[in-house]
Amino acid sequence: MTNSKIIMQCDNLTKTYIDGENKVSVLKGVNLTINSAEHVAIVGSSGSGKSTLLHIMGALDFPTSGQVTYQGTNIHKLSTNQQAEFRNQSLGFVYQFHHLLAEFSAVENVAMPLLIAGEKRSQALKKAQDMLELVGLSHRLKHFPSALSGGERQRVAIARAIVNKPKIVLADEPTGNLDAENAQSIFKLIDELKANLSTSFVFVTHDLALAARMDKQYRLIKGEIAQGLTQ
Ligand code: ADP
Ligand code: MG
């Protein structure tokens, strides 16, 4: 049964890494529902499985058992091409380290998902420019990543993640590499984007104060997910 308000659902996800004789159970039955336009924070100590969970939600990795459904479709049952299309069209990803392409300008980096999707270059660059304006970087269009500050690079990375107007953005410690002031301003930006986009955001963060500003909070402890930031 599909519910139009639910964008993504994780059902009883488990992930076990087998490394020689060692078995590491990272996720032990994670259930998580992400609703349309909802901003969700996930906190957890280093090594608690946050990146593993996001990668599985983004079809960059597969679960050992359980399933992830995006608008009712099991994303791990899609073909490789369909998964690539899902990541390009329906999903945005923001990493701790911006992952921008060094040899391309800010506007070209943001246009990349559109160009990959086959959009005309002039149109892709126009949309990318609009996105950079939305994240407050209209004065940095032609700058290369090396000429941008850490906070500006993350803004470009966010613009790139939302340029296709995805239904959901998965952000893995997007402010983990920034000072407190820049981290605040990135979260403020993401708050402001609510007015312009109906995109759901899932943030993994160490910062409890920033996490508290999201609509919902979860913590990942010993492979299990619990609601709220504290017990
Ligand atoms: P977090 O993002 O919360 O810091 P991760 O999801 O990166 O945690 O990692 C969770 C656990 O899974 C860690 O103990 C890590 O060593 C282990 N792990 C992650 N990826 C692999 C892998 N490819 N092979 C084996 N163990 C892994
Ligand atoms: Mg991580």
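**Reading the sheet**

Reply: Start with one pair of residues. This is a predicted model. In β10, glutamine 227 is the bridge partner of tyrosine 218.

Me: In which sense do β9 and β10 pair?

Reply: The general idea comes first. Strands of a sheet pair through backbone hydrogen bonds, either parallel or antiparallel. Here, β9 (residues 216-221) and β10 (residues 224-227) are antiparallel, with four bridges.

Me: How many residues lie between β9 and β10 in the hairpin?

Reply: Two. Look at lysine 222 in that turn: its phi is positive, about 50 degrees.

Me: What is the order of the strands in the open sheet?

Reply: Read across the six strands: β6-β7-β8-β3-β9-β10. The pairing is mixed. β6 (91-94) and β10 are the edge strands, and each pairs on one side only. From one strand to the next, the twist averages 20 degrees.

Me: In which sense do β6 and β7 pair?

Reply: Parallel, over four bridges. β7 covers residues 168-172. Find alanine 171 in β7; valine 94 stands opposite.

Me: Which strands does helix α5 touch?

Reply: Helix α5 (residues 150-162) packs on the sheet and touches β6, β7 and β8 (200-204). The direction of α5 makes about 165 degrees with that of β6.

Me: And which strands does helix α6 lie across?

Reply: β3 (39-43) and β8. Helix α6 spans residues 180-196 and runs at about 165 degrees to β8.

Me: Where do side chains point in a regular strand?

Reply: They alternate between the two faces of the sheet.

How values were computed:
Residues numbered from 1 in each chain as written. Chains lettered and ligands numbered in written order. Predicted model: local features only at pLDDT ≥ 70, side-chain atom pairs only at ≥ 80, totals over all residues. Heavy atoms only, no water. Pairing = 2+ DSSP bridges. Axes fitted to C-alpha atoms, helices over the stretch in contact; angles between N-to-C directions. Contact = heavy atoms within 4.5 Å.
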